[in-house]
Amino acid sequence: MAASRPSQSWLDWAAVSASGLCLIHCLALPLLIALLPSVGGAIAGSGTHWVLLAFALPVSLWVLTRDPWPEGLVPLALGAAGLSLMTLGVAFYEGLPAERILTVAGVSLVAAAHLIRWRRRRA
């Protein structure tokens, strides 16, 4: 079990970093679109959100469900809630303000889940 700790810590760190990039994408994109409409429009399309979600879902589920018991069920519950909010936002509120709210809330929950795991494994 101790041999899996470094790889698990790295995976949780990578997931937190990906969540941070997603937050930057969600919160900074409106500014980028305003400043550079042609560039911003290319990365603001709905396809981008589906691609990011298609990456986040399997990676986060895989990391959060691997050996979840030492950290308890809190990270798993937070991650599942966050991934659900992200999916809800992309699937049903695309292009609406609710999409951004749901996505930011979801990404924050997923990042919190990975941070809890990462900190507990380092302790």
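**Burial.** I looked up burial and found that 32% of the 123 residues of the protein count as buried; buried means under 20% relative accessible area with a 1.4 Å probe, protein chains only. I note that the model is predicted, that local features need pLDDT of at least 70 and side-chain atom pairs pLDDT 80 or more, and that totals for chains, interfaces and linings use all residues. Residues are numbered from 1 along each chain as its sequence is written, and side-chain values use heavy atoms, with hydrogens and water left out.

**Fold.** I read five helices and zero strands, in the order α-α-α-α-α along the sequence. Helices here are DSSP runs of H or I with at least four residues, strands are E runs of at least two, and both are numbered from the N terminus.

**H4 and H5.** I checked how H4 (residues 74-92) packs on H5 (residues 97-122): the angle is about 160° and the axes are 7 Å apart. Axes are lines fitted to C-alpha atoms over the stretch in contact, and angles run from 0 to 180 degrees between N-to-C directions. H4 is therefore roughly antiparallel to H5, a label for angles over 145 degrees. The contact of H4 with H5 has 17 nonpolar, five polar and three charged residues. Ala, Val, Leu, Ile, Met, Phe, Trp, Tyr, Cys and Pro count as nonpolar, Asp, Glu, Lys and Arg as charged, and the others, Gly among them, as polar.

I then looked at the largest pocket, with a volume of about 280 Å³. A pocket is an open set of points on a 1 Å grid over the protein atoms alone, with protein on both sides within 12 Å along at least five of seven lines; lining residues have an atom within 4 Å of a point. A volume is the space filled by probe spheres set on the points, which are joined across faces, edges and corners. Of its 18 lining residues, Ala15, Ala18, Ser19, Phe55 and Ala56 are closest to the centre. H1 (4-35), H3 and H5 each give two or more residues to this lining, and H1 has the largest share with nine.

**Cavity.** I searched the whole structure and found one cavity of 30 Å³ or more, where a cavity is a set of grid points that a 1.4 Å probe fits but cannot get out of. The largest cavity has a volume of about 60 Å³. Its lining is Cys22, His49, Leu52, Leu53, Met86, Val90 and Thr103. H3 (46-65) and H4 each supply at least two of the lining residues, with H3 giving the most, three.

Methods
Angles under 35 degrees count as roughly parallel, over 145 as roughly antiparallel, 65 to 115 as roughly perpendicular and the rest as oblique. Buried means under 20% relative accessible area, exposed over 50%, partly exposed in between (1.4 Å probe, protein chains only).
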